[in-house]
Amino acid sequence: MKKKRLLIGGSILFLILASGIITGYACLMNQPLGIEKSTFLYIDNDDNIDSVCYKLEHRLHASRLTGFRLLAFQSDYTNHIHSGAYLFTPEARTWQIFRTLQAGNQTPVSVTIPSVRTIGKLCQSISHQLMMDSTAIASLLTDSTYCASLGYNAYTLPALFIPNTYEVYWNTSCKDFIKRMQKEHQRFWNEKRTAQAKAIGLTPTEVSTLASIVDEETANQAEKPIVAGLYINRLKANMLLQADPTVKFGLQEFGLRRILYKHLETDSPYNTYIYKGLPPGPIRIPSIQGLESVLNYSHHDYLYMCAKEDFSGTHNFARTMSQHLANARRYQQALNRRNIR
């Protein structure tokens, strides 16, 4: 009888201990990690369990990692760490964080395509926003065979990109990212915009090229449709565009404040003082406002423009050469007064 009571007592004790262990384990897995605020955790391809925990501790300021480490070593996570960006909130529990990382359930990140002057600058910007090496994407975008497969060449490639902010996965590959940009390009160039371009007599790439010139000529949004209309007038009249920004682009001297005759004489396919029509491609990745200003250009009879002498960033527009020369004289005098050479 005594032996039976001991067995029963031992069983009860075991159940109590087991219950305590289970309860403690459950509490351990259900507790927050002590994250201070909603923060992205970025896991790289070469991270291991120690570096993941280090990032949890130092980037998310997580202070309770015992449960996380226990889960990691009880599973195969230590050998199957998924790269990516993961957004965690202070309310996230140990098991939720672990399951998210173990399953590789990433949170999309926002990546902004900027309106920059060169593909090189674009590659730098993208690499700062995604888990992507700038040389890797630059190598891809300077590969003539690859660009041809997209329907572009070295001159026209900037027309592929539509500056905006997009949600993508942080560890997306270079090629997958470009595929996404193709989809965004197709989404922008819908039936309505394509018809607008056709009515002007331009292809979408040519609209991008003209829009890039408009963007370089003025930052004033109200002026952009006027500038676009001016260049369309010159194209229709078979006149040289004579756009100073194309000269700068050909020289790759974007800081020039004064265009001199020696600059205008430089032989470059982008020099619209020498070659008629549009340059071979955009001189920057055009903004959406620039694209829309071409598609919805102002109808007027201006053929000439010159920066205002007050350096406001806006322009004096003219219908005749004599009017334009008067505007140009005032601007040249203002440059001289400021000793801008």
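Contact here means heavy atoms within 4.5 Å. Keep that in mind for what follows.

This is a predicted model, in which local features need pLDDT of at least 70, side-chain atom pairs count only at pLDDT 80 or more, and totals for chains, interfaces and linings use all residues. Residues are numbered from 1 along each chain as its sequence is written, and side-chain values use heavy atoms, with hydrogens and water left out.

Two more terms. Helices (H or I, at least four residues) and strands (E, at least two) are DSSP runs, numbered from the N terminus. Buried means under 20% relative accessible area, exposed means over 50%, and partly exposed lies in between, with a 1.4 Å probe and protein chains only.

Start with helix α11, residues 224–236. How many of its 13 residues are buried? The count is 10, so the helix is mostly covered. The buried ones are K224, P225, V227, A228, G229, L230, Y231, I232, N233 and R234. What covers them? The cover includes helices α9 (191–200), α10 (204–217) and α14 (288–295). Strands β5 (304–307) and β6 (315–318) are also part of that cover.

Now its length. The expected span is 1.5 Å times one less than the number of residues. For the 13 residues of α11 that gives 18 Å, and the end C-alpha atoms are 18 Å apart, so the two agree. After the helix comes N238, with a positive phi near 60°.

Next, the packing of α10 on α11. The angle is about 125°, and the axes are 9 Å apart. Axes are lines fitted to C-alpha atoms, for helices over the stretch in contact, and angles run from 0 to 180 degrees between N-to-C directions. So α10 is oblique to α11. On cut-offs: under 35 degrees is roughly parallel, over 145 roughly antiparallel, 65 to 115 roughly perpendicular, and the rest oblique. The crossing is right-handed. From α10, the contact uses L210, I213, V214, D215 and E217. From α11, it uses K224, V227, A228, Y231 and I232.

On to the strands. Two strands pair if DSSP finds at least two bridges between them. β5 and β6 pair in the antiparallel sense over four bridges. C306 stands opposite N316 in β6. Which faces of β6 are covered? Both: H315 and F317 on one side, N316 and A318 on the other, all buried.

Strand β3 (residues 109–112) and β4 also pair in the antiparallel sense, over four bridges. S110 has E167 of β4 as its bridge partner. Side chains alternate along β4, residues 165–168. Y166 and V168 point to one face and are buried.

S125 has a relative accessible area of 18%, so it counts as buried. Leaving out residues up to four places away in sequence, S125 touches T112 and P114.

Last, two backbone points. Most residues other than glycine have a negative phi. Q252 is not a glycine, yet its phi is positive, near 55°. Q252 sits in the loop between α12 (244–251) and α13 (261–264). At 44% relative accessibility, Q252 is partly exposed. F311 is not a glycine either, and has a positive phi of about 55°. F311 lies in the loop between β5 and β6. Its relative accessibility is 27%, so F311 also counts as partly exposed.

Conventions. A crossing is left-handed if the near helix is turned anticlockwise from the far one by less than a right angle, and right-handed if clockwise.
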